[in-house]
Amino acid sequence: MKRPNDGGGTTLVLADSDDLDSVLDSHRDIITASVRDAFRDPAAYFSELVSEATIPNLRKYLTNFVADGRWTLLLADTYMMDRATIAAFQWFHPVQYPCMLGTPTADCGDTRFASFYDLLSIAHWDSIGFAGGIFPCSSHISVDNYGTPSTNPTFPADTTTVFGNSSRGDIMVCNSSGDAGYLSHENGASYVVGSFSEMLEWIFGELIHNRTPEFDYSRC
């Protein structure tokens with residue numbers, strides 16, 4: 001299936017009966033070795049990730065998908081600025097929130113984030129072209145470069161990393177000490193959720209309960 005996406009490009013939707021070698025030339029470069037490996041048997045591939053996951057709610061989230069979910073493979077290009085590409089398995093489940101999960105592309109090289117990026121490249125719970133997910137490690141930038149002010153000294157704008165955002169555009173951040181939290185894109189207010197792994201435990205807990213993880217303005 002071929003369809004336009006909200007990032008100004010095209011998404012190809014593949015099922016288990018499709019052949020990766022027949023993908024259009026325009027999207028052939030999106031297929032990495034890990035995507036090809038996972039496509040052979042996504043249930044087995046993600047079951048293996050379950051055994052490696054150190055975050056309990058991520059482990060449960062993946063387990064539920066494998067047990068009772070269904071998947072498609074999305075290959076997409078977007079043109080918000082330059083061409084960008086996405087390869088992710090979109091999982092659906094009768095109860096928990098759907099999500100696009102990308103297979104690893106390269107070593108992140110930052111031990112703060114190993115509990116996620118050793119397993120996955122992205123987790124995106126909104127439509128392609130919209131906010132709402134955990135970015136690829138290669139897209140990490142500082143709060144300063146993201147263009148959002150920070151009023152909380154716990155998250156200095158020049159040394160705090162943006163690793164994701166909510167569907168409403170508030171940003172997920174982690175400072176150089178490993179404290180992770182949410183920062184408002186509207187006024188720069190923020191709060192600490194916990195360590196990076198503790199924040200991911202909360203994020204995937206929300207998704208398990210069919211909710212997207214959103215900024216809690218009552219905590220500021």
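Which residue stands opposite Y182 in β12? The residue is Y191. This is a predicted model, in which local features need pLDDT of at least 70 and side-chain atom pairs count only at pLDDT 80 or more, while totals for chains, interfaces and linings use all residues. Residues are numbered from 1 along each chain as its sequence is written, and side-chain values use heavy atoms, with hydrogens and water left out.

**Hairpin**
- Strands β11 (residues 179–183) and β12 (residues 190–195) pair in the antiparallel sense over five bridges; pairing requires at least two DSSP bridges between two strands.
- Strands are DSSP runs of E with at least two residues, and helices are runs of H or I with at least four, numbered from the N terminus.
- Six residues lie between β11 and β12, and G188 in this hairpin takes a positive phi near 80 degrees.

**Cysteines**
- The model has one disulfide, defined as a pair of cysteine sulfur atoms within 2.5 Å.
- C108 and C137 form the disulfide, with their sulfur atoms 1.9 Å apart.
- The torsion about the S-S bond of C108 and C137 is about 45 degrees, so the disulfide is right-handed.
- C108, in the loop between β5 and α5 (114–117), and C137, in the loop between β7 (133–134) and β8 (141–142), are 29 residues apart.
- C108 is buried at 18% relative accessible area; buried means under 20%, exposed over 50%, and partly exposed in between (1.4 Å probe, protein chains only).
- C174 is in no disulfide, the nearest cysteine sulfur being that of C108, 11 Å away.

**N210**
- N210 is not a glycine, yet has a positive phi of about 65 degrees.
- N210 lies in the segment after α7 (196–208) and is partly exposed at 43% relative accessibility.
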